[in-house]
Amino acid sequence: MRPHAGPTLAGALILAASAATAAPPAIVTQGKGAATACATCHGADGLGNAQAGFPMLAQLPPAYLAKQIADFKAGTRSNPVMSPIAAALTPEDIEASARYYASLPRPAAHDTGADPATVDRGRKLAIDGAWDRNVPPCFKCHAVDGGGVPPNFPPIAGQHASYTVSQLQAWKSGARSNDPQKLMKTVAQNLSDEDIRAVAAYLATLGNRGAKK
């Protein structure tokens, strides 16, 4: 009898393609009960909406995204849009949406049209930090090129500048406090408003370089 053949390269490619093009779960496209469909704000492609302040979810590690939704549900993170939606989600809904968005790619690095001097200031903060003010480099925790280190440090490369600014300001003011060991709160409190705008502008230009699942 001929021995059973192992998986072929063609078969592996077919499976990979199927996984990459898997249809989004119903919670993403249709919602459920009081939970608005995720795609309404974040898109079925996970790219969010910069103008409206809705973050990009594509390539966020599933454990990280699931924790954020669970925090909204538990009240340890608050947002007038997300909190009531999260409250209506089951653990299965959370897992399905988190795994789906983690599987999606982010756009390639691109020119966002931001002021070059502002972007350069942000680049220096992201790469070198400002140790005289106890500000470590962004990439010390979020990895080279902002690709993230799952599960606690998400990819920040390519995130909309408007969202990054809003979250750094939230940590700075204390409105957001669900970061591990208050690391982000400590960093944000030592950043000026100009620093925040600069680092957000720089990170937005990075696209999917180095992003991890």
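Tyr101 counts as buried in this predicted model, its relative accessibility being 1%.

**Aromatic pairs**

A pair of aromatic rings is described by the distance of the centres and the angle of the planes. When rings are paired if their centres lie within 6.5 Å, the count comes to two aromatic pairs. The rings of Tyr100 and Tyr101 have their centres 5.2 Å apart and their planes at 65°, and because an angle over 60 degrees counts as edge-to-face, that is the name given to this pair. The other arrangement is that of Phe139 and Tyr202, which form a tilted pair. The table sets out the values for both.

| Pair | Centre to centre | Angle between planes | Arrangement |
|---|---|---|---|
| Tyr100 and Tyr101 | 5.2 Å | 65° | edge-to-face |
| Phe139 and Tyr202 | 6.4 Å | 45° | tilted |

Phe139 belongs to helix α8, which covers residues 138–142, while Tyr202 belongs to helix α11, which covers residues 193–204, so this pair ties together parts that are 63 residues apart in sequence. Both Phe139 and Tyr202 are buried.

**Helices α7 and α11**

Two packed helices are described by the angle between their axes and the distance between the axes. Helix α7, made of residues 116–128, packs with α11 at an angle of about 90°, and their axes are 7 Å apart. Angles of 65 to 115 degrees count as roughly perpendicular, and α7 and α11 are therefore described in that way. Among the residues that make the contact are Val119, Leu125 and Ile127 of α7, together with Ala198, Val199 and Tyr202 of α11. Sorted by class, the contact of α7 with α11 has eight nonpolar, two polar and five charged residues.

**Cysteines**

How many disulfides are there? The count comes to zero disulfides, where a disulfide requires two cysteine sulfur atoms within 2.5 Å. Cys38 is in no disulfide, and the nearest cysteine sulfur, which belongs to Cys41, is 9.0 Å away. Cys38 is also buried, with a relative accessible area of 16%. For Cys138, the closest cysteine sulfur is in Cys141, at 9.2 Å, which is too far for a bond.

Ala143 is found in the loop between α8 and α9, and with a relative accessible area of 14% Ala143 is buried. The C-alpha atoms of Ala143 and Ile156 are separated by 9.4 Å, although these residues are 13 residues apart along the chain.

Terms used. Residues are numbered from 1 along each chain as its sequence is written. This is a predicted model: local features need pLDDT of at least 70, side-chain atom pairs count only at pLDDT 80 or more; totals for chains, interfaces and linings use all residues. Side-chain values use heavy atoms; hydrogens and water are left out. Rings of Phe, Tyr and Trp (its six-membered ring) pair if their centres lie within 6.5 Å; planes under 30 degrees apart count as stacked, over 60 as edge-to-face and the rest as tilted. Buried means under 20% relative accessible area, exposed over 50%, partly exposed in between (1.4 Å probe, protein chains only). Helices (H or I, at least four residues) and strands (E, at least two) are DSSP runs, numbered from the N terminus. Axes are lines fitted to C-alpha atoms, for helices over the stretch in contact, and angles run from 0 to 180 degrees between N-to-C directions. Angles under 35 degrees count as roughly parallel, over 145 as roughly antiparallel, 65 to 115 as roughly perpendicular and the rest as oblique. Contact means heavy atoms within 4.5 Å. Ala, Val, Leu, Ile, Met, Phe, Trp, Tyr, Cys and Pro count as nonpolar, Asp, Glu, Lys and Arg as charged, and the others, Gly among them, as polar.
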